[in-house]
Amino acid sequence: AEGIKILYLAAPVGIQGDEGRITGIECVVTKLTEPDESGRMRPVVVEGSDFVIQCDAVLPAIGQRPDVAWAGDGAAIETDPWGTIVADPHTMQTSIPHVFAGGDAVTGPATVVEAIATGHRATEAIHRYLNREDLEELAREVSARETAEGDWREVPKGLAKEDRAHAVHRDAQERLDSFVEVNRGLLEEDAQREARRCLNCGICCECMECVRVCEPNAIDHRMEAQELEIEVGSIILATGYDLWDPTPMKQFGYGTFPNVLTSLEFERLNNTTGPTDGQIMMRDGNGNFTGPPESVAIIHCVGSRDKNYHEYCSQVCCMYALKYGHLIKDKVGHDTKIYDFYIDMRCVGKGYEEFYARCQEEGTTFIRGKPSEITDRALSPEEEGKLVVISEDTLLGKCFRIPVDMVILCAAMEPREDTSKVARIFGLSQGADGFFLEEHPKLAPLSTTTSGVFLAGVCQGPKDIPETVAQASGAAAKALELATRGVVEVSPVISWIDPDVCAGCQTCIEVCPYSAIDFDMRRGISVINESVCKGCGSCSAACPSGAAQTRHFTKRQIFSEIDGLMEALYQVGI
């Protein structure tokens, strides 16, 4: 592109000069022979092909080769015909047992990444050699890793193949007249797309480093996915919850302002294994951490107790909001201003009210009212560079603007996304809030309408850790009760299907809320799983042929009961 001429199969034979200055370089044209026994083609000179390239400067490109003179004649290290050192490809050990080699000295010209890889491999081998461990075992491990890696060019399942992004270069005519950088890098959108492509492929690169460092040998990359059918006597569902995404509440600026966080995001930031080693830090527009906040706003009931999203109370928000204020005071400093915006402070639990009083004593400012907006539009010098919380204090009856550095949103707990699917599998019911329903709110809070299936934790409804632990312990006791009894009593009032009448339409399977009906392909009829059926009668009402009925409530039995009632009424003269 820049006008450089490349002459292929041309070999230099001499340099011409005049009065100490270069005037040209003599070359000949060569051609390749047929491959010899080793498979290599060799160049031969074409007779009468001499020519001269006029020039006044020559830049010779001198090759390189390993220098093994240090080994000495008495303990010469083994080399191959190319002059590179011969080393075991798995351990990098040379013909001299205590000498290990890697990089271009072994492989010949290669990449930096390959050289670093052989360096890591040689380091591990040296460590084992000094500890008098078997290097053959290391060779077998490395060989197993390479075998398990497979073809790295294979696209992982579930991912679409996407071409690599290419850097932008300056125009050839523009770069000829200056020394400006030729490679301008990737455009921003191309760099982001390339980063996503790299991360997507990072499901697992099969580098086997996890296998190497795991002392209990608990990782096996050769395992394959398999479906298991396990016979159990009871099941405890503890599927947990999802944190509601506050993005729809545009007034709070989540996803727009980098320092507006959800409760779990703040938990991660505060954790010692988090991105800041547990230090509470703010972020700039590029995601870089800048420093600790001087003021923080904590907003309760984001998405809960709201008829537009979730009308129920998430129960735990008040207490962890108090905990966040206490942690910020403790880690950042007691001078940090904490503003706690609440609707009602619900501190139900042992020691909770006392903790609320402690946070008041520590200087947390409590404001009864839900903010109407969080903005970065400054109306005064003290609001410059801050997030401004616009709210009303319903106790004082006035509105105000509070500039802060960070905002924490106490988002609602909500049922898992697949709760409906799980409910269908286990024959459970869901309440209006989407959580699993218990068999009875007072007499059977752990049981479900499906015998042997129990609930534990937030899958039943919002609750804190102590309540979750208590419920899980109760569910475990319920499961143990069934196991020790050995026999489970089932209600006799269940459905049954008359095999002589069933037409095999499978309508009953579609309407059964407990998934208690299966289809017998051999006989072509529907059959009832008596241990799952609850006798609700849905199948009886929907069956077009009348084959599905409820035991002890057949038409003949019902009419007999009616006749008995009528006879009794007749006898008493009614």
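Modeller: Helices (H or I, at least four residues) and strands (E, at least two) are DSSP runs, numbered from the N terminus. The model is predicted, with local features needing pLDDT of at least 70 and side-chain atom pairs counting only at pLDDT 80 or more, while totals for chains, interfaces and linings use all residues. Residues are numbered from 1 along each chain as its sequence is written, and side-chain values use heavy atoms, leaving out hydrogens and water.

T91 lies in the loop that runs between β4 (51–54) and α1 (104–107). T91 counts as buried because its relative accessibility is 4%, where buried means under 20% relative accessible area with a 1.4 Å probe and protein chains only. Setting aside residues up to four places away in sequence, T91 touches F100, R121, A122, A125, L135, L138 and A139, a contact being heavy atoms within 4.5 Å.

Turning to the packed helices, α7 (residues 263–270) and α8 (residues 317–331) have axes 12 Å apart, at an angle of about 30 degrees; axes are lines fitted to C-alpha atoms over the stretch in contact, and angles run from 0 to 180 degrees between N-to-C directions. α7 and α8 are therefore roughly parallel to each other, a term for angles under 35 degrees. On the α7 side, S263, F266, E267 and N270 take part, and they meet Y320, K323, Y324, L327, I328 and K331 in α8.

T419 belongs to helix α10 (residues 419–426), and T419 counts as buried because its relative accessibility is 6%. Apart from neighbours within four places in sequence, T419 is in contact with Q430, G434 and F436.

Note on methods:
Angles under 35 degrees count as roughly parallel, over 145 as roughly antiparallel, 65 to 115 as roughly perpendicular and the rest as oblique. Buried means under 20% relative accessible area, exposed over 50%, partly exposed in between (1.4 Å probe, protein chains only).
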